[in-house]
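Colleague: Hi! Could you put the model up on the screen and walk me through it?

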Amino acid sequence: MGNMVKINALDEDALFNAYLAAPSGGAKAAIIVIPEIFGVNQGIRQKCDKLAADGYLAIAPDLFWRFAPGVELNPDVETELQEAFGYFGQYDPDDGVRDIEAVIHALRAGISGQMPLEKVGCVGYCLGGRLAYMAATRTDVSASVGYYGVMIDQMLNEADAIANPLMLHIPTADHFVGPEAQAAIHARLDNHPKVILHDYVGLDHGFATEMGDRRDDKGAQLADLRTAEFFDQHLS
């Protein structure tokens, strides 16, 4: 359904790739799909395609373009999982949120022949979940959703800057985001007027992936339904 497009990097003389999926009719809004640490792989492209089928212009940026452009990894293959951890270790999330802002600018200006879209949301997974939170605190993105975002507990000092709606999906058995981190997130964000938190009892990191060993169908369907309703409310 989609194709690769070029995005002008923010404050850099560079271009980076993004996967763009457009609906068959006019788009009602745009949604940036922020990948995990595995690149713009088949699962991320599939998420974009599903959003396009729901009427959104969906785009997934290549987060690792500065040092591993075009990489696609499978988390169920141990060697590829370890490769992804290596990329995560050298990745600067400050670069990531600037790249998301660059995509927001491109969507609002009109990208690849598409009409300009003022309403731009984002949804991210794992590292992308952290970047969705950062986008909510550092950009004017219209609405943000994070699935099992990592290290958000270390950035709660930025929560006062959240001006537009944010939803976070938190699996309680996440082996990358432990109970203390989850408790800190709840303590800081439960009463934030712009934030909604959903816990998924007993589920682990990656439960909403499109395919593979980590997916939990029931949990993924519930989280995705909540996300769809959230975007329908805030991007319409």
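Colleague: Let's start with α3 and α4: is their crossing left-handed or right-handed?

Modeller: Right-handed, that's how α3 passes α4. Keep in mind that this is a predicted model.

Colleague: Noted. How close do the axes come, and at what angle do they cross?

Modeller: The axes of α3 (residues 93-109) and α4 (residues 127-138) come within 9 Å and cross at roughly 65°. Angles of 65 to 115 degrees count as roughly perpendicular, so α3 is roughly perpendicular to α4.

Colleague: Which residues meet there?

Modeller: From α3 you have Pro93, Asp94, Gly96, Val97 and Ile100. They meet Arg130, Leu131, Met134, Ala135 and Arg138 of α4.

Colleague: And how many of the residues in that contact are nonpolar, polar or charged?

Modeller: Six are nonpolar, one is polar and three are charged.

Colleague: Nice. Switching to the sheet, what is the strand order?

Modeller: The order is β1-β2-β4-β3-β5-β6-β7-β8, an open sheet of eight strands with mixed pairing. On average, neighbouring strands are turned by 20° against each other, direction ignored.

Colleague: Which strands stand at the edges?

Modeller: β1 (3-8) and β8 (195-200). Each has a single partner strand, so one side of each is left without a neighbour in the sheet.

Colleague: What about β3 and β4, in which sense do they pair?

Modeller: In the parallel sense, over four bridges, with β3 covering residues 29-34 and β4 residues 56-61. As an example to click on, Ala30 has Leu57 in β4 as its bridge partner.

Colleague: Which strands do α1 and α3 lie across?

Modeller: Helix α1 (residues 42-53) lies across β2, β3, β4 and β5, and runs at about 165° to β4. Helix α3 lies across β1, β2, β3, β4 and β5, at about 160° to β3.

Colleague: New topic: how many salt bridges does the count come to?

Modeller: It comes to 14. One to look at is Glu12 with Arg66, where the closest N and O atoms are 2.7 Å apart.

Colleague: Where do Glu12 and Arg66 lie?

Modeller: Glu12 is in the loop between β1 and β2, while Arg66 is in the loop between β4 and α2 (78-90), so the pair ties together parts that are 54 residues apart in sequence.

Colleague: Last one, where is Ala163, and what does it touch?

Modeller: Ala163 is in the loop between β6 (143-147) and β7 (166-171). Leaving out residues up to four places away in sequence, Ala163 touches Ala136 and Lys194.

Note on methods. Residues numbered from 1 in each chain as written. Predicted model: local features only at pLDDT ≥ 70, side-chain atom pairs only at ≥ 80, totals over all residues. Heavy atoms only, no water. Pairing = 2+ DSSP bridges. Helix = DSSP H or I, 4+ residues; strand = E, 2+ residues; numbered from the N terminus. Axes fitted to C-alpha atoms, helices over the stretch in contact; angles between N-to-C directions. Contact = heavy atoms within 4.5 Å. Parallel < 35°, antiparallel > 145°, perpendicular 65-115°, else oblique. Left-handed = near helix turned anticlockwise from the far one by under 90°. Nonpolar A, V, L, I, M, F, W, Y, C, P; charged D, E, K, R; others polar. Salt bridge = Lys/Arg side-chain N within 4 Å of Asp/Glu carboxyl O.
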